[in-house]
Amino acid sequence: LGVTVLAGTDLQLPHGGVAAEALRLHEYGLTAAQVVDALTVTAYDHLGTPWGFEPGQRADVVFLDADPRHDLTALSRPVLALRLGRAVVGAGRLPG
């Protein structure tokens with residue numbers, strides 16, 4: 001028997017909060033691919049939210065310099081992050 005693991009938050013965590021959660025899940029035995037699934041498709045499926053991008057849909061998007069399914073530390077160094085279509089992180093610099 002197993003359980004469904006969901007990760008992530010809509011809380012206003014400081015940068016790195018979700019990345020730290022991802023590393024903790026990996027320490028507890030999930031593979032990097034399972035952690036990425038818990039942060040993305042599994043969470044969407046569980047919440048009944050359509051997965052993917054559609055015209056007119058609002059989304060937060062993070063662009064990374066490596067595949068987090070192979071390197072979870074990539075989550076802590078976003079190249080670009082868009083929140084509702086506006087850049088909040090870019091060129092490796094964090095706001096503030």
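How many salt bridges does the count come to? The count comes to four salt bridges, a salt bridge being a side-chain nitrogen of Lys or Arg within 4 Å of a carboxyl oxygen of Asp or Glu. The model is predicted: local features need pLDDT of at least 70, side-chain atom pairs count only at pLDDT 80 or more, and totals for chains, interfaces and linings use all residues. Residues are numbered from 1 along each chain as its sequence is written, and side-chain values use heavy atoms, with hydrogens and water left out.

**Figure 1. Overview of the chain.** The chain holds three helices and three strands. Both kinds of element are DSSP runs, numbered from the N terminus: helices are H or I with at least four residues, strands are E with at least two. From the N terminus, the order is α-α-α-β-β-β. Of the 96 residues in the chain, 19% are buried. Buried means under 20% relative accessible area, exposed means over 50%, and partly exposed lies in between (1.4 Å probe, protein chains only). The accessible surface comes to about 7100 Å². Carbon and sulfur atoms account for 56% of that surface. Areas come from the Shrake-Rupley method with a 1.4 Å probe; for residues, only the protein chains shown count as cover. Take the contacts between residues at least 6 apart in sequence: 39% of them join residues at least 24 apart. A contact means heavy atoms within 4.5 Å.

**Figure 2. Helix α1 and its buried face.** Ala19, Ala22 and Leu25 are the buried residues of α1. Seen down the axis of α1, these residues fall within an arc of 120°, so they line one face of the helix. The arc is that of the directions from the helix axis to the C-beta atoms. The buried residues of α1 pack against α2 (32-39). Leu25 touches Val5, Ala7, Leu30 and Val35, leaving aside residues up to four places away in sequence. Just after α1, Gly29 has a positive phi of about 120°.

**Figure 3. The Arg24–Glu27 pair.** Side chains of opposite charge can pair when their charged atoms come close. Arg24 and Glu27 form a salt bridge, 3.8 Å from N to O. Both residues sit in helix α1 (residues 17-27), and because they are three residues apart there, about one helical turn separates them. Arg24 is partly exposed, at 45% relative accessibility. Glu27 is exposed, at 61%.

Figure 4. In α2, the buried residues are Ala32, Val35, Val36, Ala38 and Leu39. Down the axis of α2, they fall within an arc of 160°, so they line one face of the helix. Their cover includes α1 and α3 (41-47). The largest nonpolar core has ten residues: Ala7, Ala22, Leu25, Leu30, Ala32, Val35, Val36, Ala38, Leu39 and Leu72. Helices α1 and α2 each supply at least two residues of this core. The largest share, five residues, comes from α2. A nonpolar core is a set of buried Ala, Val, Leu, Ile, Met, Phe, Trp, Tyr and Cys residues joined through side-chain atoms within 4.5 Å. In soluble globular proteins, nonpolar side chains tend to be buried together.

**Figure 5. The Asp67–Arg69 pair.** The side chains of Asp67 and Arg69 meet in a salt bridge, with 2.7 Å from N to O. Asp67 is partly exposed, at 26% relative accessible area. Arg69 is partly exposed too, at 47%.

**Figure 6. The surroundings of Asp71.** Asp71 lies in the loop between β1 (60-63) and β2 (80-83). Which residue forms a salt bridge with Asp71? The partner is Arg77, with the closest N and O atoms 3.0 Å apart. Salt bridges that share partners join Asp65, Asp71 and Arg77 into one network. Asp71 is partly exposed, at 24% relative accessibility. Arg77 is partly exposed, at 34%. Not counting residues up to four places away in sequence, Asp71 touches Ala66 and Arg77. A polar contact of 2.4 Å joins the side chains of Asp71 and Thr73. A polar contact is a pair of N or O atoms within 3.5 Å; within protein, one must be able to donate a hydrogen and the other to accept it, and residues adjacent in sequence count only if both atoms are side-chain atoms. The C-alpha atoms of Asp71 and Ala33 are 9.4 Å apart, and the two residues are 38 residues apart along the chain.
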